[in-house]
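Subject: Structure handover

Hi,

Here is the structure I promised to pass on. Have a look at it first, then read my notes below.

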Amino acid sequence: MKNSFFKILSAAFAALVLSAACSKTDLAQQAQKGGHVENLVIGTNLAQQNDFSSQRQRPDALQYNALTQAHFVYSDKNGKIHPYFFKSFSISKDAKQLVFTFPSTAVWHDGKPVTKDDILFTFDFMKNVRKTGSLKNLEKWEITGENECTLTFSEPDAYYWINNAVLSAFVFPKHVWEGVEDYRQYNGKDAALGCGPYRLVSLDKDSQTSVYEAVPQNAFLGELTVDKITVQTYSGEDTLMFAMANGEIDAMFNYANSVDVTVIDSFKGTDGIDFGESDYAGNYQVTYGMERNPCTDIAFRKACRLAFDYGKLAAVINGSYGTAPGAGIIPPSCKGFDPSLPILKTDIKEAARLLDEAGYKDINGDGFREYPDGSELKVMVTQQFSTRNKELFNRMSDVIMASLKNIGVKTYVDEESLRNDEVWEQNIIDGNYDISIGYTTSGMAQYTSAFRYFLADPRFEGENTWIWGTFHNDEFKDTFFAMQRASDDETYIKNVRKLQAMANDVAFAQALCWEKCFFPYRTDKYEGWDNYPSWGVIHPTTWFELRTIKK
């Protein structure tokens, strides 16, 4: 973007900002609470590009936190959904209708007001242009009252949609996107235009620095207490933490990637830093390829589960903070977690017994087992293609292969998938794997859960996005979609617990470790930080809660 664009935006908002000046009473109240934050500096390891289009969402991942875009709702630290741009919302008992109200004072960052036409355009655009999956069954969207809109679904999808809306659904400006032929490629000066609480005022790609200023008219949760935000990208976690230790940045954010424990340990004892420790909702997991031998055999899968060295896996994945996972896969911080299921333990003797009983024995005396018919048994280990975490996946593969060697199972690495991400994904889609090591991010874990990746059959013909699993089971499929399209929390929890029980019983997949995550922040300048599990202190409410510490 060119500097002239930002100058135009700055001029357009000068009068608006002046009109929002605080009264003497407001200033007195602020003095009691602590003052506004003049410039919050956030560090990240994500590269910042010139492309800040709202259609691509992740120039620095901060857009997930309702920064320049006005997300309809947000999720609190306990997973409860609250209005954000929506002033209120309600879901009908049959979950086929959602009624929400919207503000009358919101403005786009070019100074134009947000209107009901923008609201109606947004749902038409999301359903018919962007083809948003959670809106597939949306039949009607209409203004039904003063600043009120009603969404009507043909199926009970209202609860499902609003839970999916947390990170990626927000209002779009009709005057920008109406008539754009290819929204995926459009990157005009107005492509980043939003009506969020902050507007982008500068981006220096060379220094990897972007700056945002508050828009008081879009203070959806009350008074904005952070006046300006600077986002600075660092090349690595070490340099980011050195900058924090030196007071150059106030907090860090990086979607689904907290600071590695080895870096955290090296900065322990640094004054003024809280390391933002919390339970991580995502996890690394193994999916068993149940369309190929030997993983078609439940005895073999359960033997693998008993063979894995969870102490070494925890150390590799999360250092001294990792723990052995439960048999239900999803961690305790996930909604609907079942604490009654057992924690996985390494038991080589029991694993060997299961294999012996199932007929997998070392017939030729080479130290490795054969199939019951005497043919060679070799298990392929496929790791998720990753440039950022390649070394970590390599180490997890090493532990898994060494663990299986301990019970006489020969393994080899899927070299083909290591070299090319398209080859890797096609192999996963085709079920061309025995043991696949993958990852569920905290955002996916929040509602859709790790069980998404184990699904083998879509709900409807033609729905094949991320159908990576190989567990062909109607009960599992129906339970997953009953969870995903639940009408309320009670229904969601009932079904996610059933999925956990099936994971324990059938062993179609398993977690490798439960982790702690770290999103550090400084505590000597500001107060009001709220550390969300798996997310850290940078989230949609931060902009309304943070204040300078009263001296």
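Before the notes on the inside, one term: on a 1 Å grid over the protein atoms alone, a cavity is a set of points where a 1.4 Å probe fits but cannot get out, and a pocket is an open set with protein on both sides within 12 Å along at least five of seven lines; a lining residue has an atom within 4 Å of a point. Grid points are joined across faces, edges and corners, and a volume is the space filled by probe spheres set on the points.

Two words on the source. This is a predicted model, where local features need pLDDT of at least 70 and side-chain atom pairs count only at pLDDT 80 or more, while totals for chains, interfaces and linings use all residues. Residues are numbered from 1 along each chain as its sequence is written, and side-chain values use heavy atoms, with hydrogens and water left out.

Cavities

There are 3 cavities of 30 Å³ or more in the structure. The largest cavity has a volume of about 110 Å³. Its lining is made up of Gln285, Thr287, Gln384, Trp424, Ile428, Tyr433, Ser436, Ile437, Gly438, Tyr439, Tyr453 and Trp468. Which strand gives the most to that lining? It is β17, with 4 residues; β14 and α13 (421-429) also supply at least two each. (Helices, H or I with at least four residues, and strands, E with at least two, are DSSP runs numbered from the N terminus.) Sorted by class, the lining of the largest cavity has 7 nonpolar, 5 polar and no charged residues. Here Ala, Val, Leu, Ile, Met, Phe, Trp, Tyr, Cys and Pro count as nonpolar, Asp, Glu, Lys and Arg as charged, and the others, Gly among them, as polar.

The second largest pocket

This pocket has a volume of about 510 Å³. It is lined by 26 residues, and the closest to its centre are Ser258, Asp260, Tyr284, Asn389 and Leu392. The lining of the second largest pocket splits into 12 nonpolar, 6 polar and 8 charged residues. At least two lining residues come from each of α7 (261-266), α9 (310-318), α11 (390-405) and β19 (516-518).

Buried means under 20% relative accessible area, exposed over 50%, and partly exposed in between (1.4 Å probe, protein chains only).

The largest nonpolar core has 165 residues, and Phe85, Trp161, Phe451, Phe508 and Trp543 have the most contacts inside it. Helix α4 (158-168) gives the most to this core, with 8 residues. By a nonpolar core I mean a set of buried Ala, Val, Leu, Ile, Met, Phe, Trp, Tyr and Cys residues joined through side-chain atoms within 4.5 Å.

Among the buried residues of α3 are Ile119, Phe121, Phe123 and Phe125. Just after α3, Lys131 takes a positive phi of about 60°. Lys131 sits in the loop between α3 and β6 and counts as exposed, at 60% relative accessibility.

Most residues other than glycine have a negative phi, and most peptide bonds are trans. Ala256 has a positive phi too, near 65°; Ala256 is in the loop between β11 (251-252) and α7 and counts as buried at 5% relative accessibility. A cis peptide bond joins Asn293 and Pro294, with omega about 10°, and Pro294 lies in the loop between β14 and α8.

Last, is Pro331 buried or exposed? Pro331 counts as buried because its relative accessibility is 2%. Pro331 lies in the loop between α9 and α10 (348-358) and, not counting residues up to four places away in sequence, touches Tyr280, Ala281, Gly282, Asn283, Phe337 and Trp514.

Cheers

Definitions and conventions:
Contact = heavy atoms within 4.5 Å.
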